[in-house]
Amino acid sequence: MKKEVEDKTAKMLFTPESGLAHHCLLISRCLLYPSYVSFNCLLSLYITTFQEEKTPNYVLLKKIFLTPVYAAFFVLFLPIMLVFLPIRCALLYVRRPFMCSQHHTPYTDWQTQVLKNAIDKGFHKFGVATANLCLMPELASKMNHLTNVSYRARKIGEKIITSQFFDREWEKEELAMKMYSSNIEAKSCRENGPIGCAGDNTENQQKPVDQCLEGDVSTDFPVVDVFAIQEAWSSYQNKLLIQQLQKIFPYIVHDAGVHAFRNNAFFLNSGLLIASKHPISAVDFKAYTCFVKHGKLLSNGLLMTQLLLGSSKTNNRNRYIGYVFNTHLQSYQGKDQIIPKQLDEMLDWIKQFKAENTKFGDIELFCLVCGDFNFDNFSPADRESSQHPLFTEFSDFCRVQANLDKSWTVGTELRPEFMHDNIVSTPEGLKTVLEDQALRQCHLVDADIVEHCKEAIVTGTVKKDAQGNVLIFPEGGRRRIDYILSGRSSPLNVAGYHFVTKLATLTDHIPVAMEFTCPKLH
């Protein structure tokens with residue numbers, strides 16, 4: 001009976017919303033789309049990216065010929081916008097703060113069975129990835145020196161799916177053996193010491209595996225169970241991304257945000273999205289109450305999910321569960337210490353969500369916090385954030401201690417001026433840059449920020465000596481602001497940590513991914 005109630009709750013989350021209000025919201029969004037496109041296209045003509053600065057004559061011609069076209073379309077659809085924009089705002093105010101999509105195919109059904117068998121046998125290696133995709137209205141996207149949001153949304157989805165082996169020909173047994181052998185290898189590493197670690201096996205047996213494991217730069221995402229995405233702000237373009245993701249992630253939570261004048265002035269949602277291969281049994285979203293500057297137009301907050309991973313072998317009434325939290329913190333906070341206040345709220349909400357949704361007998365395999373934190377572990381401006389109590393309850397695999405990262409870490413924030421250079425235009429080229437310290441400092445933001453402002457982070461210059469050579473220093477190109485944190489109450493065995501270059505030229509961040517096994521599963 002208990003299991004039936006839980007299954008019913010999970011199904012209710014992913015049941016398509018019905019009712020007059022929901023259908024009115026869909027209709028209003030459709031009718032507002034022409035105004036949305038024409039307005040964005042019109043204003044974006046007058047925002048020049050670093051790439052466009054190289055072709056000023058072409059930019060001028062676009063302004064001359066396209067301005068009257070976009071302006072005419074905007075004026076034409078202006079009456080519709082004036083009528084339906086207030087309706088949209090009212091409907092957003094009363095709806096629930098997230099949407100859930102569920103899409104099953106024969107492939108995802110088979111995939112679910114493979115995952116279930118692996119978890120039941122206790123050898124499954126989990127994977128999680130996080131990426132800031134900068135999928136926002138064209139106007140805002142150009143402010144971040146990225147263009148063509150629709151193309152990027154579709155292309156990013158395709159690349160993620162390709163990296164998950166969706167387009168490759170392989171049989172069920174081959175996948176099962178791949179998963180089995182990789183997890184047996186991870187188990188052997190825990191017992192005997194991993195290959196390639198310094199010291200003999202006796203010494204390694206006394207160390208946790210992840211102490212001698214080093215992360216790497218990879219051109220592909222590993223096979224992951226959950227994908228956390230930030231800055232998926234455009235509800236229109238998000239459909240293109242979701243259509244691709246659903247080919248391999250049947251459960252997706254998106255369009256998360258609290259809309260109100262006091263929160264985001266009814267402009268943009270949180271941009272947070274979680275895609276999962278496992279059923280999602282609980283979802284909630286809360287918007288941060290502390291924000292400044294452009295944060296007043298966004299519904300930045302914390303998207304919270306509970307995943308159903310299976311049931312215990314000893315008692316099938318005891319559920320295996322996992323928690324995944326996705327967030328995007330304030331950017332360009334200036335001298336205001338907004339991020340630490342948002343971290344305080346995050347920590348409280350995590351505890352509250354877990355208390356409300358953890359049932360008696362549940363076995364928590366993992367608790368992960370992913371996202372764009374907008375602070376690094378080196379910069380003077382980030383000292384208060386990097387020493388926050390969050391890091392006493394959650395572990396950062398890339399971190400040695402406050403204000404010090406492990407030597408193999410790299411930054412995850414690209415310099416906008418150079419992110420379209422030929423050398424970083426392919427995953428292989430970007431990988432080469434990340435692995436070379438001098439090249440990395442030329443293309444990634446340094447972790448020596450004194451004040452959170454756009455001038456220091458976006459338009460900061462590469463440090464060079466009098467001869468024009470890059471000045472090498474420890475924090476160069478190492479502004480790591482994209483995190484995957486794991487709860488210390490549910491310790492993990494990290495089997496791999498990757499800075500992924502698969503989305504070269506499609507976003508201004510370096511995605512990160514982590515593979516791990518769960519001791520509680522064995």
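**Helix packing**

In helix 10 (residues 235-245), the buried residues are Tyr236, Gln237, Asn238, Leu241, Ile242, Gln244 and Leu245. Buried means under 20% relative accessible area (1.4 Å probe, protein chains only). Helices (H or I, at least four residues) and strands (E, at least two) are DSSP runs, numbered from the N terminus. The cover over these buried residues includes helix 2 (20-44), helix 6, and strands 2 (126-135), 4 (226-232), 5 (251-254) and 6 (273-276).

This is a predicted model: local features need pLDDT of at least 70, side-chain atom pairs count only at pLDDT 80 or more, and totals for chains, interfaces and linings use all residues. Residues are numbered from 1 along each chain as its sequence is written, and side-chain values use heavy atoms, with hydrogens and water left out.

Now follow helix 6 (residues 149-163). Its axis comes within 8 Å of that of helix 10, and the two cross at roughly 15 degrees. Axes are lines fitted to C-alpha atoms, for helices over the stretch in contact, and angles run from 0 to 180 degrees between N-to-C directions. Helix 6 and helix 10 are therefore roughly parallel (under 35 degrees). On the helix 6 side, the contact (heavy atoms within 4.5 Å) includes Val149, Ala153 and Ile160; on the helix 10 side, it includes Leu241 and Leu245.

The axes of helix 2 and helix 3 (residues 56-94) come within 7 Å and cross at roughly 150 degrees. This pair is therefore roughly antiparallel (over 145 degrees).

Conventions:
Parallel < 35°, antiparallel > 145°, perpendicular 65-115°, else oblique. Buried < 20%, exposed > 50% of the residue type's maximum accessible area, 1.4 Å probe, protein only.
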